[in-house]
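Dear colleague,

Please find below the structure that I am handing over to you. My notes on its strands and pockets follow.

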Amino acid sequence: MGSQRSSAKGARSGAAKAPSQRQLRVGEELRHAVSRILLRGDLHDPDLAGASVTVTEVRVSPDLKNATAFVVPLGGDGSGEVLAALNRAAAFLRSQLGREIHLRHTPRLSFQADHSFDEAAKINALLHNPRVQRDVEAPRQDDSAPDRGALDDGSLQDGPAMKRPDDGA
């Protein structure tokens, strides 16, 4: 009985689960709090001096003990240095978060670059490519051919393959 339960649990844990409402709420609260802390300028790291950082998303683990903040430096310049500086300051930021938000455990923070804007720009460029535009605007084969059984005036004709319910055949 116990082996069946553990095998079913193992099968479920292999698939990625969507975040719970609580994870989403806590992540959004953390995002706002980290943004406020960065805006205050309490970090005294030379790599962060004068750097404007946008916190795009914070993903929280199911146990709410770890959080990953996705950030984009304004203009994308020096993202490696800014990311390294934020990860160095993670312990300080965690202590500041503990003062701003009220959770049983303040999550451990890690920072990663957010590449979603780069991906969106690539997709946008592809969609505006002249070759793609030509394919999108070209009439499809199915749309250009008249419907089977339709006359030029738009009315339908009865062909030998079409049966009417009152034919009895």
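A pocket, on a 1 Å grid over the protein atoms alone, is an open set of points where a 1.4 Å probe fits, with protein on both sides within 12 Å along at least five of seven lines; its lining residues have an atom within 4 Å of a point. A volume is the space filled by probe spheres set on the points, which are joined across faces, edges and corners.

This is a predicted model, in which local features need pLDDT of at least 70 and side-chain atom pairs pLDDT 80 or more, while totals for chains, interfaces and linings use all residues. Residues are numbered from 1 along each chain as its sequence is written, and side-chain values use heavy atoms, without hydrogens and water.

The second largest pocket holds about 150 Å³ of space. Helix H2 gives the most to its lining, with 5 residues; helices (H or I, at least four residues) and strands (E, at least two) are DSSP runs, numbered from the N terminus. H2 and S1 each give two or more residues to this lining, which includes Glu-28, Arg-31 and Arg-59.

The largest pocket has a volume of about 240 Å³. Of the 15 residues lining it, Leu-38, Leu-39, Ala-51, Ser-52 and Val-53 lie nearest its centre.

Strands S1 (residues 53-60) and S2 run antiparallel, joined by 7 bridges; two strands pair if DSSP finds at least two bridges between them. Arg-59 stands opposite Thr-68 in S2. S2 also runs parallel to S3 (residues 108-113), through 6 bridges, with Val-71 opposite Ala-113.

Yours sincerely
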